[in-house]
Amino acid sequence: MNKLRRKSLLFVLGFLALINGLYSSIAAPNDYREKYDEIFKIQLILSVIIIIMVLVMAIVLLRKYKSNEAISPKEIKVFHNNKLEIGWTLVATVLVLYLFFISLPPTENFAAANNKQADVTISVIGHQFYWEFAIEGVVNSSFTSLNFTTGEIIPLVLFQNTTYLLKVTSADVIHSFFVPELGFKVDAVPGHYNYVYLENIQKGEYRVTCAEYCGVNHYNMPGLIKVV
Amino acid sequence: MATERKTTSYWFLDYKKFFGTIDHKQIGMLYMMFSFVNIVFAGLLALIMRAELYNPGKDFVESRDWAGYFTVHGTVMIFFVVMAMGAGLGNYLVPKMIGARDLYWPRWNNIAFWMLVPASYFVWSSMAPIGWTAYPPNAIVLGGDKVDRWLIGLILAGTSSVIGAINFLLTVIYLRRPGLTWKKLDLFTWSIVFMAFIQLAATPVITIGLVMEFLARSLGATYFSTNAGSSPLFWQHVFWSYSHPAVYIMILPAMGLTSLIISRFSQTEVFGKVSMILSMAAITLLGFIVWGHHNFTASPNSPPGWFFTLTTFLIAIPSGIKTFNWLLTMYKGKIVVDVPFLFAISFVLGFVLGGVTGVMVNTIPLDLVFHDTYFVVGHFHFIIIGGALSAVSGAIYFIYSDMTGRMYNRKLAYAHYIFWVIGYILTFGSMNVLGALGMPRRYYDYSVLSILPNYDMIVLFNRIATIGAFMQGIAFTIFVFNFIYSAFKGELADEKPYNIAIPRLWMTDEEWEQLENMEVMH
């Protein structure tokens, strides 16, 4: 039994170490993704601990109190333990508030995009079923993410040391501008502008997809962001 | 005890009884049968979708039909499977648990059930390509009558659910056996009270919303249109201020069933009963002010985002309390490990897995990636399939002998359990991974994601999800077979294997005797 316990403990620690290792080995290409990785790691480790705790409790209690005898209703005992209950309520509250407060600064940072000054403002317009980009203040700068004759994807090219403000909206139905590797998505809602502030993105190519159901070709609305 | 029934009665073969019954047990069974029929077909839709997603690229489904499949799958599973199961089990159990002869309005009870049948016809025949969220402008600009059918179906279902809710509330308020105070009321009945409260308070909101969308489609009303100074975002607030509480309509009865089953099979009283009731009350009330967590990415620059994160995080506290109370209910008990008990444990597992992923998806920096990806799909299926449907399956095994007078086949039930648990962990666990890898939901073909760095993993986990889904399909086939076969050929349950009437736990011996006499009388 002791050996089994030690083995399971090692297994759990190994699993946690694996999560830790997995997440520290990949460098995040920008701020949003970095915060995502950081918070996700914390929550994943906590979740694994909670799930294991629940499973262990269930198995231990089941093994210990398994029985097949029926007892008369009079023998039924009522257990409650106020100290224990108040205790775990407090622990849960502290834990939840901790998770809330660590998520607050990146939340505020992302939300405040519309108050930030950027070098270049790019309007991103969702269409069924392609993206249109245009640099604000530059005449005839508009282009689409898809070359309609060849079917090629035309990338949106950004410079690493320039700051950008994406101004996202839609021309028809709701779409969602989703760049998984950059750690954000923002809905393109007709008649409404959503802002995303981008700076200091590592050089590379990042895939854009649509994440809000927008019609028959929802799955096929690709775009590409190229940072040079 | 009410063990006088020695043979099975096939009351439903008599068409007058079938359509006209006002008996709460029979209406409860009708709800369950209705729910079974719907789950079989909506489950088939899910299997078709998973089979299509096994390989990247187009296999055998047309992209045009795809959206109809996921819309009908979602709508039917929510309104005609899980909610109908809640209503059915409530119908069957609540009068027994509170010592009433029937619900307060037996005739309205019948009408509420039969309203669901045309409702489900309209939804099934619509195959509307809008998703169960029906976001405008997409849901408004689509031509044809598909969306209109879907809207009419849901308006009917909503009306039925309001009637049912009023009926449950009146029953519990006025028909409790004398001496059964609110404090003594068992946790399942409490869960039905909270469920009915949410239905009554929230359903009118969605009904108004659906009517507005209907008017926008048929008469060109501009409630959700930008030109009229409104916004499509308005619908999202109307929709989610119902549909988030609706999640609790689905999960609360399952929580009550889990409390019932775990305490009955551990032969103990539920640990910390008062905190269980308070937790359900907290979940019910907080449930009304968390809807904004569905809209983080829809308007990320507007301030109240953090408010909804906070309220949603707070729901994690009562949920955690309930989880540990369920576990500690086993403490110092005499646990009879039988099929219903195992399903209740499976509920706890599904609820915890769905709960921790729920906390993740609620954290805005994570939601910016997870929103509208398979992560969300994995999260709520853990809660609804792993959680609610596990508890419901357990409850059906629990009341099976009482319903049919026969016993189910235990070996088949264990096979159902094993396929079910492994199946849902594989499917929805993989879906969570897929979401974290960046696969959006409602994708018909994921080969367009091939430039993503982890494309191999996306293909792999889609395959695992499909295998898991088919395991759940096998599990459910076993369940349905066992259910029907045992109803005709199962062993007769002369001695009731489970005592499902009023819990004796809080009664004196005289009270119990009184009650037994009462049951014989009726």
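**Figure 1. Helices α13 and α14 of chain B are roughly antiparallel to each other.** The view is taken from a predicted model. Helix α13(B) comprises residues 374–404 and helix α14(B) residues 410–437; the two pack at an angle of about 165 degrees, with their axes 7 Å apart. Because angles over 145 degrees count as roughly antiparallel, the pair is described in that way. The crossing of the two helices, α13(B) and α14(B), is left-handed. On the α13(B) side, the residues that meet α14(B) include Y374(B), F375(B), H379(B), H381(B), F382(B) and Y397(B). On the α14(B) side, the residues include A413(B), Y424(B), F428(B), M431(B), N432(B) and L434(B). Glycines take part on both sides, among them G378(B) and G386(B) in α13(B) and G429(B) and G435(B) in α14(B).

**Figure 2. Helix α3 of chain A packs against helix α10 of chain B.** The axes of α3(A) and α10(B) come within 9 Å and cross at roughly 155 degrees. These two helices, α3(A) and α10(B), are therefore roughly antiparallel to each other. Their crossing is right-handed. From α3(A), the contact includes W88(A), T89(A), V96(A), L99(A), F100(A), L104(A) and T107(A). From α10(B), the contact includes W306(B), T309(B), L310(B), F313(B), I317(B), I321(B) and F324(B).

**Figure 3. Chain B meets chain A through residues of several helices.** In the interface, 72 residues of chain B are in contact with 72 residues of chain A. Helices α3 (63–98), α5 (138–141), α8 (232–266), α10, α11 and α12 of chain B each supply at least two residues of the side that touches chain A. Among these helices, α10(B) gives the most to that side, with 13 residues.

**Figure 4. D145(B) lies in the loop between α5 and α6 of chain B.** With 14 C-beta neighbours inside 10 Å, D145(B) counts as partly exposed. The C-alpha atoms of D145(B) and M83(B) are separated by 26 Å, and the two residues are 62 residues apart along the chain.

**Figure 5. Chain A has three helices and ten strands, whereas chain B has 16 helices and zero strands.** The radius of gyration of chain B is 23 Å, close to the 24 Å that the globule rule gives for 522 residues, so chain B is as compact as a globular protein of that length. For chain A the radius of gyration is 25 Å, while a compact globule of 228 residues would have one near 17 Å. Along the principal axes, the C-alpha atoms of chain B fill a box of roughly 70 × 50 × 45 Å, and those of chain A a box of roughly 85 × 40 × 35 Å. Buried residues make up 57% of chain B and 31% of chain A.

Note on methods
Residues are numbered from 1 along each chain as its sequence is written. Chains are lettered from A and ligands numbered from 1 in the order in which they are written. This is a predicted model: local features need pLDDT of at least 70, side-chain atom pairs count only at pLDDT 80 or more; totals for chains, interfaces and linings use all residues. Helices (H or I, at least four residues) and strands (E, at least two) are DSSP runs, numbered from the N terminus. The radius of gyration is taken over C-alpha atoms; the globule rule is 2.2 Å times the number of residues to the power 0.38. A residue is buried if 20 or more other C-beta atoms lie within 10 Å of its own, exposed if 12 or fewer, and partly exposed in between; C-beta atoms are placed from the backbone. Axes are lines fitted to C-alpha atoms, for helices over the stretch in contact, and angles run from 0 to 180 degrees between N-to-C directions. Angles under 35 degrees count as roughly parallel, over 145 as roughly antiparallel, 65 to 115 as roughly perpendicular and the rest as oblique. A crossing is left-handed if the near helix is turned anticlockwise from the far one by less than a right angle, and right-handed if clockwise. Two residues are in contact if their C-beta atoms, placed from the backbone, lie within 7 Å.
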